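Please keep the sequence and the 3D view open as you read.

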Amino acid sequence: MRPKRYIFTSESVTEGHPDKVCDQISDAVLDQILKSDPENGRVACETFVTVGLVIVGGEITTTAHIDINRLVRGVVADIGYTDWRYGFDTKSCAILNAIGRQSPDIAQGVDVGGAGDQGLMVGYACRETPELMPFPIMMAHRLVRRLAELRKDRTIPWLGPDGKSQVTVEYRDGKVVAVPKVVVATQHLEDVVDKKDNRLMAAAAKEEILDRVIRPVLKDYFRDGETECIVNGTGKFVVGGPQSDTGVTGRKIIVDTYGGEVPHGGGAFSGKDPSKVDRSASYMARYIAKNIVAADLAEKCEIQLAYAIGVVDPVSVYACSHGTGKVEDEQLVRLIRDNFDLTPAGIIESLKLRRPIYRKTAAYGHFGREGEGFTWEETDRVDQLRAALKIKE
């Protein structure tokens, strides 16, 4: 049980963050393969970026032909690394292709419908936001998406692609009551370095971030004189992206999920085809949790699914409503087993996961994204779940 009053923080990053550059490249490779070889393509694609270099590796088995060089440069350009002043440029970066084939020892278990690996996957939903997501991570995502919007439409032309956000939230009796601290770090051009002290970002530029990003996003909870805002806490942020920090696929798993609100199974998502339950079962767990909360069976719901490599059925199913459920958690587990196909093949079929939809999941979170074609965000099982428990409106 959490205390009556507590402080909780979540973070997010922009699509130009080095780790997210890698996630988007890996998922772009996956999408290209799914376009040509949706039934038989097996993808476990990893990307590494550093100063002037992109390495794409992993294990891929497919009949599709992918032009890795062209694909990588396209993704990097779409993100916004098209200017040498950002320190990383789509036109000049070197690209190394180090892709191999999937192990036949794994394939023989996956090809008959078994899980592609062992592991545990967690899904969650709660009533803190309309998207049934935790409030801190949703606000953190909105801040960095706002940075990207203002950069891409040139409203703030000096913004760079790299950036991060962090939102600290005060809860009382389980409800959001205030946002005492907000942190935004955003890459910028030399244009807005302080003319008197080149170690600092100009005060006017920081004020623009406050007025155009932080206040609009947090308008209902922003309090002048009470909400502390830290913009580029080191002073300035000119050197960013892969020039300043190595990036690797799958390193932002908390950003990708629930901001630390619930445990994480440990498996990353990007670059993995849906036979990998790290990804597909996490999507199913979210789908289940969201439908349970949307059906008013609980105010919050945490789901865990666990699998063994090559085995069709999950080795365990866990549900926890944190004391908010209208029925016992054991009954929720029975409800889940009776109403959802939890085999890898069943998950893929139920959620239509062999579509090339993954690149856009690779920035700004995999959950809470309504209206973007993500089937695991639909609440189409509400009536079925309520009918199974004989609960009337």
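This is a predicted model: local features need pLDDT of at least 70, side-chain atom pairs count only at pLDDT 80 or more; totals for chains, interfaces and linings use all residues.

1. The second largest pocket draws on two helices: α2 (68-79) and α4 (135-152) each supply at least two residues of its lining. Of these, α4 gives the most, with four residues. Helices here are DSSP runs of H or I with at least four residues, strands are runs of E with at least two, and both are numbered from the N terminus.

2. Residues are numbered from 1 along each chain as its sequence is written, and side-chain values use heavy atoms, with hydrogens and water left out.

3. Back to the second largest pocket, which holds about 220 Å³ of space. It is lined by 14 residues, and Glu15, Lys360, Ala363, Tyr364 and Arg369 are the closest to its centre. By class, the lining has four nonpolar, one polar and nine charged residues. (Ala, Val, Leu, Ile, Met, Phe, Trp, Tyr, Cys and Pro count as nonpolar, Asp, Glu, Lys and Arg as charged, and the others, Gly among them, as polar.) A pocket is an open set of points on a 1 Å grid over the protein atoms alone, where a 1.4 Å probe fits, with protein on both sides within 12 Å along at least five of seven lines; lining residues have an atom within 4 Å of a point. Volume is the space filled by probe spheres set on the points, which are joined across faces, edges and corners.

4. Which residues lie nearest the centre of the largest pocket? They are Met1, Arg2, Tyr6, Lys300 and His322, out of 16 lining residues. This pocket has about 360 Å³ of space, and its lining divides into six nonpolar, three polar and seven charged residues.

5. Lys300 also turns up in a strand pairing, where it stands in β10 opposite Cys126. Strands β5 and β10 (residues 300-307) run antiparallel, paired over eight bridges; at least two DSSP bridges are needed for a pair. Six of the eight residues of β5 (residues 119-126) are buried, so the rest of the structure largely encloses this strand. Buried means under 20% relative accessible area, exposed over 50% and partly exposed in between, with a 1.4 Å probe and protein chains only.

6. Arg2, from the largest pocket's lining, forms a salt bridge with Glu261 at 2.8 Å, N to O. The two lie 259 residues apart, Glu261 in the loop between α6 (253-256) and α7 (277-294) and Arg2 in the segment before β1 (5-13). Glu261 is buried at 9% relative accessibility, whereas Arg2 is partly exposed at 39%. The count comes to 30 salt bridges, each a side-chain nitrogen of Lys or Arg within 4 Å of a carboxyl oxygen of Asp or Glu.

7. Lys4 and Asp173 make another salt bridge, with their closest N and O atoms 2.7 Å apart. Lys4 sits in the segment before β1 and Asp173 in the loop between β6 (159-172) and β7 (175-188), so this pair ties together parts 169 residues apart in sequence. Both residues are exposed.
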